[in-house]
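Subject: Structure for your review

Dear colleague,

Please find below the sequence and the structure that I am handing over to you. My findings follow directly after them.

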Amino acid sequence: MNSRETLLNKMRPSIDVKFLKIKNSSFEESFQNVILRPIIKVQTSLLVQAFKKYADTHKGVFYQLRPEKKTTYIENAIKKDQKFRNFLKGIIIGMFTVEEYNLYKLNSSSLNKRMMNLVFQRLSENLQLFEYREDVKTNSH
């Protein structure tokens with residue numbers, strides 16, 4: 001194992017790829033639970049900062065919304081803004097080992113959906129971290 005993989009594996013629970021064949025679980029569900037969840041947990045603070053930057057570049061509209069509207073805003077940002085979605089995927093995929101990436105390539109479309117659902121859940125659970133920001137321009141010039 002090279003030094004990159006060693007460092008990645010030290011940052012999260014040890015993962016034995018053989019366990020991706022968990023009884024009564026699909027490959028995608030096992031990949032989600034064994035690989036994606038631990039990575040997203042480790043990357044939460046970066047995902048939160050990435051969303052703050054996204055909200056700031058969209059004139060801070062997000063900060064003025066009611067909590068229930070904020071979750072819809074997050075969901076729309078992840079689903080409809082392809083550039084932002086790809087950026088979020090990069091934050092997570094960049095934490096894969098080569099072996100995990102090779103497994104991911106087998107069904108990336110389905111795994112991307114699961115990945116973005118987990119990111120949405122994680123950001124929605126952390127709404128309290130997205131407080132109103134005075135320094136964001138809310139007027140268009």
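Of the 141 residues in the chain, 40% are buried (buried means under 20% relative accessible area, exposed over 50%, and partly exposed in between, with a 1.4 Å probe and protein chains only). Please note that this is a predicted model, in which local features need pLDDT of at least 70 and side-chain atom pairs count only at pLDDT 80 or more, while totals for chains, interfaces and linings use all residues. Residues are numbered from 1 along each chain as its sequence is written, and side-chain values use heavy atoms, with hydrogens and water left out.

Overall architecture

The secondary structure comprises six helices and zero strands (DSSP runs numbered from the N terminus, with helices being H or I of at least four residues and strands E of at least two). Among contacts between residues at least 6 apart in sequence, 72% join residues at least 24 apart; contact means heavy atoms within 4.5 Å.

The nonpolar core

The largest nonpolar core has 35 residues, and those with the most contacts inside it are F51, F62, L88, F96, V119 and L123. Such a core is a set of buried Ala, Val, Leu, Ile, Met, Phe, Trp, Tyr and Cys residues joined through side-chain atoms within 4.5 Å. Two or more residues each are given to this core by helix 2, helix 3 (67-80), helix 4 (82-93), helix 5 (98-106) and helix 6. Helix 2 supplies the largest share, twelve residues. L88 touches L47, A50, I78, M116 and V119, leaving out residues up to four places away in sequence.

Helix packing

Helix 2 (residues 27-57) and helix 6 (residues 108-125) have axes that come within 8 Å and cross at roughly 45 degrees. Axes here are lines fitted to C-alpha atoms, for helices over the stretch in contact, and angles run from 0 to 180 degrees between N-to-C directions. Helix 2 is therefore oblique to helix 6 (under 35 degrees counts as roughly parallel, over 145 as roughly antiparallel, 65 to 115 as roughly perpendicular, and the rest as oblique). The residues of this contact of helix 2 with helix 6 divide into twelve nonpolar, four polar and six charged. In this division, Ala, Val, Leu, Ile, Met, Phe, Trp, Tyr, Cys and Pro count as nonpolar, Asp, Glu, Lys and Arg as charged, and the others, Gly among them, as polar.

The axes of helix 3 and helix 4 come within 5 Å and cross at roughly 90 degrees, so these two helices are roughly perpendicular to each other. Here A77, I78, K79 and K80 of helix 3 meet Q82, F84, R85 and L88 of helix 4.

Individual residues

L111 lies in helix 6 and is buried, with a relative accessible area of 0%. Beyond its neighbours within four places in sequence, L111 is in contact with F27, E28, F31, L36, L103 and Y104. The C-alpha atoms of L111 and F31 are separated by 8.0 Å, although these residues are 80 apart along the chain.

F130 is found in the segment after helix 6 and is also buried, at a relative accessible area of 2%. Apart from neighbours within four places in sequence, F130 contacts V48, F51, K52, F62, Y63, K70 and L123.

Finally, K59 sits in the loop between helix 2 and helix 3. K59 has a positive phi of about 60 degrees although it is not a glycine, and is partly exposed, with a relative accessible area of 42%.

Yours sincerely
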